[in-house]
Amino acid sequence: MSVARFAVIGQPVSHSKSPRIHAQFAQDCGVELQYQAIEIEPRQLADRLRELHAQGYAGLNVTLPHKAAVAALCESVSERAQLAGAVNCLIRTDTGWRGDNTDGEGLLRDLARLGIEINGQRVLILGAGGAARGIIGPLLEAGPKLLVVSNRNPWKPEDLAERFKAVGPLVPRTHLALKGDAFDVVINATSAGHSGDMPRLPPGLLAAGAKCYDLSYGIASEPFANWARKQSAAVVEDGLGMLVEQAASSFELWLGQRPQTAPVLAGLR
Ligand SMILES: NC(=O)c1ccc[n+]([C@@H]2O[C@H](COP(=O)([O-])OP(=O)(O)OC[C@H]3O[C@@H](n4cnc5c(N)ncnc54)[C@H](OP(=O)(O)O)[C@@H]3O)[C@@H](O)[C@H]2O)c1
């Protein structure tokens, strides 16, 4: 029998840690598989997805810039991916691709690992892009006392409040209008760190003992971590654990078993 094939698609994609993560999951689970990184230009996305299906790929991870566009090319899309308006995992069906989004689940699992409670807490999300859309549903379901989304572009949080109103209440804000508010958990879902930036925020946003989590990792997580430490955050964490957890959720969707994440995360650190 031929070995099951998987890949991550994106542009650029050569930097992706997914091939390494999935190779270790497979080894630890005693599963034989191939996992590649495949660069795809946006204008070739539809054709290449058809080709990869015809070539027998069993599953794909999707990274930037394709997460939103892929949704429209799927035969079916899970409810959580529909709400997020973004797909990061494709599961093969006989006739096409089913789209799902494991980012929110990955975040919630990593927060649980780190002992960062959401239930009953005042939670602030910075940023209102694709990653924010992926995590809002699971965060609302975790029962925060308050969930605020603030963003540079003031219209996007308003749109998100409307989009998620059936799941739970979300308070839209601009960064400036956060003045006077205090939060127990602050989650950075902006991409500002990739250009060495940090959103401009009013002082005093962190309640005593507040925990700060950045979806970014590596150098991109440094500006937020520096801000959080200056604001005396009790806990400062990056998104490498989320990356591994969302990958484990994809692996589980494809192969029906959840790999251990701790050894893979330790290896990446
Ligand atoms: N750990 C993981 O597994 C994981 C998974 C998914 C994403 N991520 C990370 O999450 C981050 C966001 O990704 P995304 O897909 O949501 O990107 P995106 O859709 O492009 O959204 C970017 C967001 O960042 C904001 N932003 C960008 N530069 C800014 C600046 N200089 N100041 C203030 N706000 C700024 C944007 O605000 P405007 O709307 O005002 O432009 C927008 O809200 C990335 O760093 C990505 O690597 C991590």
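## Cysteines and a ligand pocket

Cysteine 74 counts as buried, because its relative accessibility is 13% and the cut-off for buried is under 20%. Keep in mind as you look around that this is a predicted model.

**Cysteines**

- Searching the whole structure turns up zero disulfides.
- Cysteine 74 is in no disulfide: its nearest cysteine sulfur belongs to cysteine 89 and is 9.8 Å away, while a disulfide needs two cysteine sulfur atoms within 2.5 Å.
- Cysteine 212 is buried too, with a relative accessible area of 0%.

**Contacts with the ligand**

- The ligand is surrounded by 25 residues, and the closest are Ala131, Asn151, Arg152, Lys156 and Ser216.
- In alanine 131, a backbone N or O atom lies 2.7 Å from an oxygen atom of the ligand.
- Asparagine 151 uses its side chain instead: an N or O atom there is 2.7 Å from a ligand oxygen atom.
- For lysine 156, a polar side-chain atom lies 2.6 Å from an oxygen atom of the ligand.

**The ligand's surroundings**

- How much of the ligand does the protein bury? On its own the ligand exposes 930 Å², and the protein buries 80% of that.
- The ligand takes up the space of the largest pocket.
- Two or more residues of the shell around the ligand come from each of these elements: helix H5 (130-141) and helix H8 (240-255).
- H8 gives the most to this shell, with three residues.

Definitions and conventions. Residues numbered from 1 in each chain as written. Predicted model: local features only at pLDDT ≥ 70, side-chain atom pairs only at ≥ 80, totals over all residues. Heavy atoms only, no water. Buried < 20%, exposed > 50% of the residue type's maximum accessible area, 1.4 Å probe, protein only. Near = heavy atom within 4 Å. Polar contact = N/O pair within 3.5 Å; in protein donor to acceptor, adjacent residues only side chain to side chain. Areas by Shrake-Rupley, 256 points an atom, 1.4 Å probe, with all protein chains shown as cover. 1 Å grid on protein atoms, 1.4 Å probe; cavity = no way out; pocket = protein on both sides within 12 Å on 5 of 7 lines; lining within 4 Å. Sits in = over half its atoms within 2 Å of the grid points. Helix = DSSP H or I, 4+ residues; strand = E, 2+ residues; numbered from the N terminus.
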